[in-house]
Amino acid sequence: MPSNARPFGAALITAVVLAGPAAAQAPATAPWFGVTPPPPFAPHASPVILGQDYGPRPALIPPGEERFPELTGAAIRRDVASIIGFSMRSRESREVGDGLLWGRITGLPSGEATMDWATERLRAAGVPTVERQWFDQDEGASLWLPLAWELRIQGDAAFGPGSGDMVLESAIPANAAPMGREGLTAPLVFVGTARPAELAQIDVRGKVAVQHITPKGHLFLERGPARAKAQELIRRGAVGVINLVDQAGNMRTRDISGCGGPCFNIGGQDGRWLEEVMDAAAEAGVSDRLRVHMQLRDEQRSGMRASNVIGIVPGASDENVIINAHVDGWFDGANDNADGFAVMLALATYFARPENRPARTLVFVASAGHHTSGLSGPGHLVELNPDLIARNVLVINLEHVASRQINPARTDTDGLRDIVTDSGEGFLMNGVSNRSPALEQIIRIGGDRYGVNFVSQASTYHAGDNPQVDSPIFQLIQGNPLYHTSGDVLETISTPGLERVARFTAFFVEAVNELPRERFYPNRSNP
Ligand SMILES: [Zn+2]
């Protein structure tokens, strides 16, 4: 068990860590050099400062659009909470091993329970045709699931009397890697940001390397560099890697993976503790006594089944527009993608009303998503619906749409930079795959009308949960620093933001349906 007692405060940490080599020669007199222990891991907890005094600015509702309660932020938020409930039950029921990882996982009961609910929700909304489409996992594909694990920094009297083992509870394995039944024990070595200039000075052979990762925005963007550096550490002879993800709080981070050897990610407060202990050990001349023990039990799941749910609202023409949102998510997955999924359901409810029936047929898709290898939601949508795909003129993908804006703060807690929210939402990328001027014009007008926070540059960005189709794709997606972490929770979602996106997208669909198909294809004479 971690020792979370705090017998000595910050003053002693400062004395040990900052007083310099002369003072540090004295043996430590408190456990772990007096460094304040990290807090225990807290599930469903946001590390963001969410003040109650100044919330998100209210949604803009143009005159005449007040009716339709399904488009209000409060109504959509209730669905977001219901969707997150499936993730919470995944953890409570220990769907995955010891319950250290949870989510809405396609192929497991949490994913299917969410799809059961989506089916009922679309029927209750009055969507005339609701269809559950099942499919089997592709041959040879499997989902890796870490079931139980531990990252234990071994205690030693050289670190101060009473320095028992410290389990870093935010740790999460990054990938499958053989560690044996007994696990792996090795000395630790700190490698900074693991640039070649740093590694030229450090011998990592036989050790577990600790690399420091500072996400500068969307955590997604750290994947590639962190993976490449971890792989290089293993290539140079490290027997394992710890990726220290320097973010507020003490979150589990699912996103960094593929290290090429035994590898764990740890959260900010565990990371702060480990770095301060490694500094203190270095100054006391006992770095060689610092050792870590890693254990992991995992499995590969194959032969699974999953489903998409499709709701069809027929229009006057035989052309259709797909409105897609993926259902799967790691941890609570509030922004990824409970919010986009809930907005899709709000739109289905709105367009199912007789007075709002669309010109083109609308196909609402609760997608199995893209986390479970071999059970692709978009892939099976295309495979199972050739007629629908042939008649499709546009795809709209709603993915991570209403997180509040999350910024580094001018404050810190225990040496870790806090993050705060403000009165807006995080920016939305608004990609149109074919840069159709007609579609971009509608986006501009609608963005102003509803006060949506778009990035200032139009783009073709549509790399989300999208089917391979010939028709253009319009995607709304945020780049959230809490992506794929245990901190992606309900409290970080903006209620007016849900409403802004829902009203904007309803406007977009209605405006697009005024346009003939040719207008979507600016560069093609014969679409
Ligand atoms: Zn997503």
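Analyst: Let us start with burial: H326 is buried, and H400 is buried as well. Please keep in mind throughout that this is a predicted model.

User: Why is H400 called buried?

Analyst: The relative accessible area of H400 is 3%, and the word buried is used for values under 20%, so H400 is called buried. H400 sits in the loop between β16 and β17, and its phi is near 65°, a positive value in a residue other than glycine.

User: Which atoms count as the protein donors of the zinc ion?

Analyst: The protein donors are NE2 of H326, OD of D336, OE of E399 and NE2 of H400, which lie 2.1 to 2.7 Å from the zinc ion. A donor must be an N, O or S atom within 2.8 Å of this metal, and a range of 2.1 to 2.7 Å therefore meets that limit.

User: Why is the site of the zinc ion called irregular?

Analyst: The angles among the 4 donor atoms run from 80 to 168°. For comparison, the ideal angle for four tetrahedral donors is 109.5 degrees.

User: What spacing do the donors of the zinc ion follow along the chain?

Analyst: Along the chain, the donors of the zinc ion follow the spacing H-x9-D-x62-E-H. H326 belongs to strand β13 (residues 320-326), whereas H400 belongs to the loop between β16 (392-399) and β17 (404-413), so this pair ties together parts that are 74 residues apart in sequence.

User: Is G329 buried or exposed, and how do you know?

Analyst: G329 has a relative accessible area of 0%, and because the limit for buried is under 20%, G329 is buried. G329 lies in strand β14 (residues 329-330), and, when residues up to four places away in sequence are not counted, G329 touches G103, R104, D336 and H371.

User: What makes S257 count as buried?

Analyst: The relative accessibility of S257 is 18%, and since buried means under 20%, S257 counts as buried. S257 is found in the loop between β9 (240-245) and β10 (263-266), and S257 touches A174, N175 and R227, with residues up to four places away in sequence left out.

User: Why does Q231 count as partly exposed?

Analyst: Q231 has 38% relative accessibility, and partly exposed is the word for values between the buried limit of 20% and the exposed limit of 50%, so Q231 counts as partly exposed. Q231 is placed in helix α6 (residues 223-235) and touches G258, C259 and G260, not counting residues up to four places away in sequence.

User: And why is D387 called exposed?

Analyst: The relative accessible area of D387 is 53%, and exposed means over 50%, so D387 is called exposed. D387 is part of helix α10 (residues 386-390).

User: How do you know that helix α3 is roughly perpendicular to helix α12?

Analyst: Helix α3 (residues 73-92) and helix α12 (residues 495-512) pack at an angle of about 105°, and their axes are 8 Å apart. Angles of 65 to 115 degrees count as roughly perpendicular, so the angle of about 105° makes α3 roughly perpendicular to α12. The contact is made by G73, A74, I76, R77 and V80 of α3 together with T495, L498, E499 and A502 of α12.

User: How many residues of each class are in the contact of α3 with α12?

Analyst: The contact of α3 with α12 has 5 nonpolar, 2 polar and 2 charged residues.

Definitions and conventions: Residues are numbered from 1 along each chain as its sequence is written. This is a predicted model: local features need pLDDT of at least 70, side-chain atom pairs count only at pLDDT 80 or more; totals for chains, interfaces and linings use all residues. Side-chain values use heavy atoms; hydrogens and water are left out. Donors are N, O and S atoms within 2.8 Å of the metal (3.2 Å for Na, K and Ca); water is not among the atoms, so sites may look incomplete. Four donors count as tetrahedral if all angles lie between 85 and 135 degrees; four count as square planar and six as octahedral if opposite donors are over 155 degrees apart and all others between 65 and 115; anything else is irregular. Helices (H or I, at least four residues) and strands (E, at least two) are DSSP runs, numbered from the N terminus. Buried means under 20% relative accessible area, exposed over 50%, partly exposed in between (1.4 Å probe, protein chains only). Axes are lines fitted to C-alpha atoms, for helices over the stretch in contact, and angles run from 0 to 180 degrees between N-to-C directions. Angles under 35 degrees count as roughly parallel, over 145 as roughly antiparallel, 65 to 115 as roughly perpendicular and the rest as oblique. Contact means heavy atoms within 4.5 Å. Ala, Val, Leu, Ile, Met, Phe, Trp, Tyr, Cys and Pro count as nonpolar, Asp, Glu, Lys and Arg as charged, and the others, Gly among them, as polar.
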